[in-house]
Amino acid sequence: MSTTDVTVTSEDSQKKTANPTENRPFVLKKWNALAIWAWDVECDTCAICRVHLMEECLRCQSEPNADCFVVWGDCNHSFHHCCMSQWIRQNNRCPLCQQDWVVQRTGK
Amino acid sequence: MVDEEDMDVPTSSNFSDEYRPVRPSSSADSTKRKIVIKNFKSHPVIPEISEVSEWHTINESIEAILENKKVITSLETLFNLVKSSTDQNHPKALYDRLLGVIREYCIQLKTTIELENDIPMSEDTCEVYILRFWNVWKVYPVKMTLIRNVFLYLDRVLLSQTGDSDILPIWEASMRMFRRVFFPDIENDFKSHKLFLALFLDIQRMMKHYDAQGIALREIFGMFSAIHMNDEFMEYLVLQINDTYSNKNLDLPCKDYIKYADNVIKQFRELVDLYFCEPSASRVVFEALLKCLISKSIKQIVLNGFDQLLDSDEISDVSRMFQLVRRVNGGEDIVRNEFAKYIKAKGQQHMETCSDKDFFKQLSLFKKRIDLIVEVGFVSSIDINKLRQTVRDSFESFMDSKGNKSAELIARHFNETLRKSKEYKEEDIDDAIVLFRFIRGKDIFEAYYKRDLAKRLLSDKSASVDAEKSILTKLKLECGAGFTHKLEGMFKDMENSAQLNNSFAQHLSDLTNTPKEKLKYYVRVITSDLWPNYDLYEVNLPREIETSLVDFSDYYKLKHGNRTINWIYSLSHAYVFARVRPGYVKEFLVNFSQTSVLLLFNSCEKWTFNEMLNATKLPKDELKKTILALHGSEAENSKQTRIINALCENGDINSKTTSDNVEKHSFVFNSKLTDSRYRIPVLNVYLKTPKEEKEQVEQEVNQDRQYQIDAAIVRIMKSRKELTHSALIQEIMAQLRFPVKSVDIKLRIASLIERDYLSRDQEDTNKYHYVS
């Protein structure tokens with residue numbers, strides 16, 4: 001990986017971090033980590049439109065910049081907000097577990 | 001040429017002395033008086049004798065004029081004689097007599113030209129003939145002017161009195177007489193006239209010898225104007241051109257033939273312009289030449305060595321060819337077709353033979369050369385946009401012929417340009433954008449671009465954020481906001497990560513119980529689905545790392561309750577201090593797996609492969625790669641630079657460690673390591689081989705394409721409400737940015753019907769409705 005992103009001189013870093021010793025020859029000096037986030041969901045695909053919850057729902061992909069977010073129900077199942085609002089017009093239950101649909105939280 | 005203006009208003013000074021009449025005598029005076037008196041008489045009786053003697057005098061003077069003798073009678077006397085003669089007699093009779101004399105004169109002149117009938121006409125002798133003709137002609141109009149002036153009265157009377165259209169003014173009549181005598185039957189048989197042949201031969205002679213000059217040509221052409229023979233001569237010229245230039249030199253390659261043809265046309269026109277004072281002549285000649293030099297065999301000319309012509313660097317040759325060919329009906333179409341074939345063939349050759357390294361550069365050069373040909377060589381085109389379209393179509397047709405090669409390599413070029421080590425050049429990018437337009441699989445390009453961008457961002461190798469952003473703007477301009485949406489999101493992730501780390505540092509310092517000497521670390525958090533897919537796996541974290549990562553996860557959970565984070569170990573890296581031997585400290589730049597292996601040596605000096613596997617819980621392949629990277633190459637001279645040594649079962653150092661035997665060895669730290677650098681970057685073994693990477697990209701793209709097809713179908717159906725199957729397929733094909741088969745679309749339609757986005761018409765199964 002990169003050799004250039006940190007230009008701390010050896011003297012500086014040795015003062016700050018514990019020096020390696022005979023018993024412990026390797027010491028971690030600096031650490032660059034990479035993490036990836038996703039919605040905290042049971043299933044990463046919306047059961048209604050079958051598009052990843054990380055992406056806009058199918059209908060919203062047709063209309064760029066549409067306001068599309070994720071909703072979690074009390075049952076902890078999650079869907080696109082747009083898909084769910086279409087769904088509850090016919091049936092006010094979670095499509096996955098048939099519990100009554102109550103919005104628990106939303107994510108944007 | 002003899003100027004007609006001058007002939008119309010003759011003054012005595014215009015003529016040589018021999019025409020000057022002698023001083024009027026007393027007898028002339030009496031004649032003059034007689035005329036005046038006669039004029040006043042009402043019905044004079046004209047004696048026969050008087051008329052005869054008058055004609056005699058007139059005839060004598062005319063002959064004197066014609067034969068260059070001195071005219072005895074003064075011009076004034078002659079004029080009066082003509083006047084009285086005209087008034088007394090039927091003027092037509094006088095007119096006929098006059099023309100009779102002129103006719104005799106012409107016949108006599110003609111004999112002076114045709115004297116040496118036996119000399120065959122050739123380019124060498126034609127001039128002699130022309131000169132002889134000129135000798136005849138140069139005096140004729142002068143003499144006729146004088147005669148016309150003498151007979152001015154007759155001219156006026158005849159024109160005003162008779163309505164007879166056969167009677168021409170004397171000047172005209174004399175010119176027509178000349179024509180009749182010298183060019184009998186010219187209307188039917190202009191081909192055989194010697195003067196015409198002589199003139200044509202003379203033109204040929206002058207074309208062969210550039211410095212040759214045409215003597216008397218201008219005068220002869222003037223004569224044609226005066227005796228109204230331009231049309232006949234032009235017709236003759238066209239015929240001769242046809243005979244001379246048709247089907248000649250057709251075996252020459254295009255480039256040389258065009259040079260030859262252009263030269264002929266130029267020289268011929270130049271000569272005609274120079275000597276022939278008839279404005280339309282130049283055009284007539286040009287058209288005749290064009291017809292027999294180019295039109296007649298246009299295909300043969302263009303097809304013979306067209307490629308070589310375009311290959312050569314002489315753009316002027318190309319432009320010369322185009323200027324000639326485009327004037328021919330349909331000529332531009334032929335060139336355009338050939339040009340398309342040329343581009344496709346050359347491009348295809350490029351696709352087949354060019355190495356990946358040179359691909360972009362060569363293709364870009366090729367495109368520039370094609371542009372030069374169009375914008376300079378073909379600039380005289382009637383429809384240059386059609387040509388540009390041809391270029392676009394031809395490029396598109398070959399660029400996708402090798403699968404995703406073009407998309408991949410053009411994306412790679414962007415990466416090269418944007419890498420830190422290189423100087424960023426705007427025009428490099430503009431060239432790349434030009435070629436980018438021809439790629440049909442824009443999503444493949446995006447996938448490669450995204451991977452490269454990810455590498456640049458995650459390893460801080462980008463030349464500049466400004467350059468990156470300006471390219472995104474350009475790509476957005478080409479393909480719309482949807483195309484760059486994810487790429488922009490990646491930059492956003494980088495900005496958010498910076499903020500997050502600041503607030504995390506703040507958060508840590510706010511916690512009072514945090515120890516002061518804390519490991520420094522920086523965490524980037526990226527959004528899934530925006531970035532390429534990276535391998536995720538669970539490992540045994542070294543204690544030093546674990547605490548910090550847990551701290552961060554907790555903090556993140558606090559800020560974004562709805563999100564979970566996963567660690568991508570394969571793209572995490574660390575700086576590790578190493579005490580190689582007493583007093584000899586180095587710093588390693590290593591990735592996560594290498595770090596966890598190195599840290600193992602803190603607890604035990606010697607590790608077998610399986611022990612390492614158990615301790616780190618790294619995937620087996622990843623551990624193999626890690627060990628090989630730390631071990632370095634098997635070459636003898638790398639002994640000094642190895643970080644770990646492999647030991648055989650008997651404890652000997654085995655330097656021939658490969659992925660096949662690595663599992664059998666145990667490993668120790670190489671305390672003899674020496675390196676001139678303080679910070680040693682450990683070569684990062686490829687995360688993926690290029691082939692694996694390609695497969696992964698294609699898989700990702702294919703998956704993404706399904707969503708895009710779905711979205712396109714929904715988009716279209718939402719606006720149209722109902723459509724037939726074929727109409728829907730057609731619209732989808734038009735909207736998508738990648739090539740797609742109708743079978744695939746069919747599958748997606750079926751899937752959407754299943755998901756209640758569409759429904760089939762109950763009566764017409766070929767029709768779909770949108771379900772809202």
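A: One term comes first: contact means heavy atoms within 4.5 Å. Angles run from 0 to 180 degrees between N-to-C directions, along axes fitted to C-alpha atoms. Note that the model is predicted.

Now the sheet. Three strands of chain B make it up, in the order E5-E7-E6. The sheet is open, and the pairing is antiparallel. Strand E5 (606–608) and strand E6 (644–647) of chain B stand at the edges. Each has a single partner strand, so one side of each lacks a neighbour in the sheet. Neighbouring strands are turned by 30° against each other on average, direction ignored.

Look at the pairing of E5(B) with strand E7 (residues 666–669) of chain B. Three bridges join these two strands in the antiparallel sense. Trp607(B) has Phe667(B), in E7(B), as its bridge partner.

Next comes a helix. H27 (residues 609–616) of chain B lies across E5 and E7 of chain B. The helix runs at about 90° to E5(B).

How far to trust this? Chain B has a mean pLDDT of 81, and 88% of its residues reach 70 or more. Residues 1–30 of chain B are another matter: the pLDDT there is below 50. That stretch still has 43 contacts in the model beyond near neighbours in sequence. The model scores ipTM 0.77 and pTM 0.72.

Last, the cysteines. The whole structure holds zero disulfides over all chains. Cys292(B) is in none, and the nearest cysteine sulfur, that of Cys254(B), is 17 Å away. Cys292(B) counts as buried, at 1% relative accessibility.

Methods:
Residues numbered from 1 in each chain as written. Chains lettered and ligands numbered in written order. Predicted model: local features only at pLDDT ≥ 70, side-chain atom pairs only at ≥ 80, totals over all residues. Heavy atoms only, no water. Pairing = 2+ DSSP bridges. Helix = DSSP H or I, 4+ residues; strand = E, 2+ residues; numbered from the N terminus. pLDDT = per-residue confidence, 0-100. Disulfide = S-S within 2.5 Å. Buried < 20%, exposed > 50% of the residue type's maximum accessible area, 1.4 Å probe, protein only.
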